[in-house]
Amino acid sequence: MKSISLLVSVLVTLALSGCGGGGGGTTSSSSSTSSNTTSVSTFSGNVLTITVNGSLCSSSTSSSYPNKPCVSVTICSPGTATCQTVNDILLDTGSYGLRIFGSVLTGVAPTQIASGSGSLAECVQFGDGSALWGPVRTADVIMGGEPAVQVPIQVIDAGFGTAPTACQSADATPAAAGFNGILGVGLHDYDCGTFCTLASNGMYYSCTGTSCTATTAPLANQVRNPVALLPLDNNGVIVKLPALGTGGATSVTGSLILGIGTRANNIPSGVTSYPADQYARFKTTFDGITYSSSFLDTGSNGLFFPAPSSGSLPACSSPNAGWYCPPTTINLSAITTGATSLPSSTINFMIANANSLFLTSNSVFSELGGTYAGGFDWGLPFFLGRDVYVGMANKTSSLGTGPYWAY
Amino acid sequence: MHTTIRVLLACTITIQVAGMSAQKAEATLGQTASSITSDRNALSAVHRATMTRSSYTVQEFTSGSGTVREFVSLPGIVFAIAWNGLVHPDLTTLLGAYTAEYQSALKQTVRKRGVRRHQVISDQVIVEKWGHMRNLQGRAYLPALIPSGVDINEIN
């Protein structure tokens, strides 16, 4: 706990125009009110800066963490002007909803959501076997220069009540997790959905004192992708990150644009839409095998896929086991296909020797890859040099009705 | 490569307690599949299917929060388990006698931040997890007991 530097500034006013704009937060968005044609065309408050291993990432949580995309969000006590801006929020297109460590929320007090006679809490698990545990509370969340949205978030607190088995090793600190928080802006709205309204589910719990029992959670109480609640820019996001040469960079800066085709600055151009299924998956064919469990994930810090049968991609030895370590950088390609089997496109990519990459002083790499078991996880390198549109389920844009990816 | 899907129990009830961790019907890794039949009563809450391959069968258990598949060799030993769903299942149940060596190996496994997959290799069992929110996946298997000719990619 002691080494956590709180990249936090407490704000006492809702005049947060400084958070908007893609150029570092100095843009003044004076007219964020009416939605007439004029303001739609000039509005730039739907842009958040992304730094990959840059100034928005905390050094205390980011060591040995390449390809880490960070944004900043502002949290307010519900219905008040008591707000706090928190950096080092991992941008994650592979999850849904905002989760922030309670230990960094020093200046605001989100409102606990009840569950029966107890307090609603949640255990979320990730693909790497890690987990986050803590109460579900309502906060006003401000992204960029958008209006605040009131939304259930998870306040990460490993010591809340008694964690269920799956969360008994949940990350206890930002340093352990590798972030102050995580902003899930993937293809879904709710982090569980209908099933959690019907039956105990392994995610939601009702806690009274130290006792926590599995419970249902109505949709209105589930942790929710805050983009879905924006007044206008609520149909998805665009992730824009610059291309990167071989060998990498110390950091890169890009933009998260809220909304697709809702403003002058987010009109789709030159991209193809690939439908995803109900699990936010589409297909990737690599080395002659089609993986239906394939997805685009800014929260994955490499390209993760099963090694080709040729043996051209040996895994690294310890301590970098799990990454690929080809003797020389190799060129590969795969075909991405919509979940409905159309359309398809070929993606060319490179994989370099991870041991060599990690020996440099760089932290952002486009040619970083690792092993994967049952699918193809297009992580952050996929996004470098490619505008990726994340079309939310049941929302429509000129690219179609989500869930879809477009690039 | 013929595949027969036979629905043994089609139930409309899908009540599960705390997700997949509570599926009493699961046999454990390395043991015989007999507990699957003896626990038939407990199965009333899940939909179950059996898929027959040339050198093994797959017993599938489904609840709203996920699906667990148990791979049973012709001699009747569970040599692998795979899952997908909202949550990872409770491995202390599924790994049975291998739980201790898994947990020991897990402690030795260095956490890699940002990686959405994880692999724990111990003397006899390999556990892998991967996936993302609302679609978590994984498998646990005993390499020494995998029938010859079975590709690891079939365990999914």
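How many cavities of 30 Å³ or more does a search of the whole structure find? The search finds two, a cavity being a set of points, on a 1 Å grid over the protein atoms alone, where a 1.4 Å probe fits but cannot get out. The model is a predicted one, in which local features need pLDDT of at least 70 and side-chain atom pairs count only at pLDDT 80 or more, whereas totals for chains, interfaces and linings use all residues. Residues are numbered from 1 along each chain as its sequence is written, chains are lettered from A and ligands numbered from 1 in the order in which they are written, and side-chain values use heavy atoms, with hydrogens and water left out.

The largest cavity holds about 90 Å³ of space, a volume being the space filled by probe spheres set on grid points that are joined across faces, edges and corners. Its lining comprises 14 residues, lining residues being those with an atom within 4 Å of a point. Closest to the centre are Asp128(A), Ser130(A), Phe179(A), Arg111(B) and Arg116(B). By class, this lining has seven nonpolar, two polar and five charged residues; Ala, Val, Leu, Ile, Met, Phe, Trp, Tyr, Cys and Pro count as nonpolar, Asp, Glu, Lys and Arg as charged, and the others, Gly among them, as polar.

The second largest cavity holds about 40 Å³. Residues from chain A in its lining include Cys123(A), Val124(A), Gln125(A) and Met203(A), and those from chain B include Leu86(B), Val87(B), Met133(B), Arg134(B) and Leu136(B). Strand 8 (residues 118–125) of chain A contributes the most to this lining, with three residues; strands are DSSP runs of E, at least two residues in length, numbered from the N terminus. Seven of the lining residues are nonpolar, one is polar and one is charged.

The largest nonpolar core contains 89 residues, such a core being a set of buried Ala, Val, Leu, Ile, Met, Phe, Trp, Tyr and Cys residues joined through side-chain atoms within 4.5 Å. Buried denotes under 20% relative accessible area (1.4 Å probe, protein chains only). Phe305(A), Phe349(A) and Trp378(A) touch the most other members. Strand 10 (residues 149–156) of chain A gives the most to this core, with five residues. A second, separate core of 18 residues includes Leu29(B), Leu91(B), Tyr98(B) and Leu142(B).

Strand 5 (residues 96–101) of chain A is largely enclosed by the rest of the structure, because six of its six residues are buried. Strand 5 of chain A pairs with strand 11 (residues 181–185) of chain A in the antiparallel sense over five bridges, pairing requiring at least two DSSP bridges between two strands. Arg99(A) stands opposite Ile182(A) of strand 11. Strand 5 of chain A also runs parallel to strand 10 of chain A, joined by three bridges, and Phe101(A) has Ile156(A) as its bridge partner there.

Key. Buried means under 20% relative accessible area, exposed over 50%, partly exposed in between (1.4 Å probe, protein chains only). Helices (H or I, at least four residues) and strands (E, at least two) are DSSP runs, numbered from the N terminus. On a 1 Å grid over the protein atoms alone, a cavity is a set of points where a 1.4 Å probe fits but cannot get out, and a pocket is an open set with protein on both sides within 12 Å along at least five of seven lines; lining residues have an atom within 4 Å of a point.
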